[in-house]
Amino acid sequence: MLKKVCFVSFSGGKDSTLTLSLALETYGKTGNIPVIPIFMDTMWEHPKTYEYIDKIERLFGIRIHRLIGYKGGLPALIKKKGIFPSVKR
């Protein structure tokens, strides 16, 4: 039997914070559907963003899963390719 899971994309902004809060309020009360917040870390975020994510984890008593899309993050990808990302590439 497939188990239901609620994945929440979390960026550290106001909209994703509200989405996470609503998901935890809706599904966290029943405990039937786990809420799994995911932060895609470019490794080039502002230090305050990382501080905020830590604060949200403490506030809600949860773990926000931090994923890195490219080994070494965006700085390593830029160095490898020799160019900055763009919507045209």
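Student: On what basis are residues numbered and features reported here?

Tutor: Residues are numbered from 1 along each chain as its sequence is written, and side-chain values use heavy atoms, with hydrogens and water left out. Since the model is predicted, local features need pLDDT of at least 70 and side-chain atom pairs count only at pLDDT 80 or more, while totals for chains, interfaces and linings use all residues.

Student: Are H1 and H2 roughly parallel or roughly antiparallel to each other?

Tutor: Two packed helices are described by the angle between their axes and the distance between the axes. Axes are lines fitted to C-alpha atoms, for helices over the stretch in contact, and angles run from 0 to 180 degrees between N-to-C directions; for H1 and H2 the angle is about 15 degrees, with the axes 12 Å apart. Angles under 35 degrees count as roughly parallel, over 145 as roughly antiparallel, 65 to 115 as roughly perpendicular and the rest as oblique. H1 and H2 are therefore roughly parallel.

Student: How many nonpolar residues are in the contact of H1 with H2?

Tutor: Thr 17, Leu 20, Ser 21 and Leu 24 in H1 meet Tyr 52, Ile 56 and Phe 60 in H2. Ala, Val, Leu, Ile, Met, Phe, Trp, Tyr, Cys and Pro count as nonpolar, Asp, Glu, Lys and Arg as charged, and the others, Gly among them, as polar. By these classes the contact has no charged residues, 2 polar and 5 nonpolar.

Student: Is Pro 37 buried or exposed?

Tutor: Pro 37 lies in strand S2 and touches Val 8, Leu 20, Ile 62, Arg 63, Ile 64 and His 65, not counting residues up to four places away in sequence. Buried means under 20% relative accessible area, exposed over 50%, and partly exposed in between (1.4 Å probe, protein chains only). Because its relative accessibility is 2%, Pro 37 counts as buried.

Student: Is Arg 63 buried or exposed?

Tutor: Arg 63 lies in the loop between H2 and strand S3 (65-67). Arg 63 touches Pro 37 and Glu 57, not counting residues up to four places away in sequence. With a relative accessible area of 56%, Arg 63 is exposed.

Student: What is the phi of Met 43 near?

Tutor: Met 43 lies in the loop between S2 and H2 and, at 39% relative accessibility, counts as partly exposed. Its phi is positive in a residue other than glycine, near 65 degrees.

Student: How far apart in space are Ile 78 and Tyr 27, C-alpha to C-alpha?

Tutor: Ile 78 is found in helix H3 (residues 73-81), where its 12% relative accessibility makes it buried. Ile 78 and Tyr 27 are 51 residues apart in sequence, and their C-alpha to C-alpha distance is 39 Å.

Technical notes. Helix = DSSP H or I, 4+ residues; strand = E, 2+ residues; numbered from the N terminus. Contact = heavy atoms within 4.5 Å.
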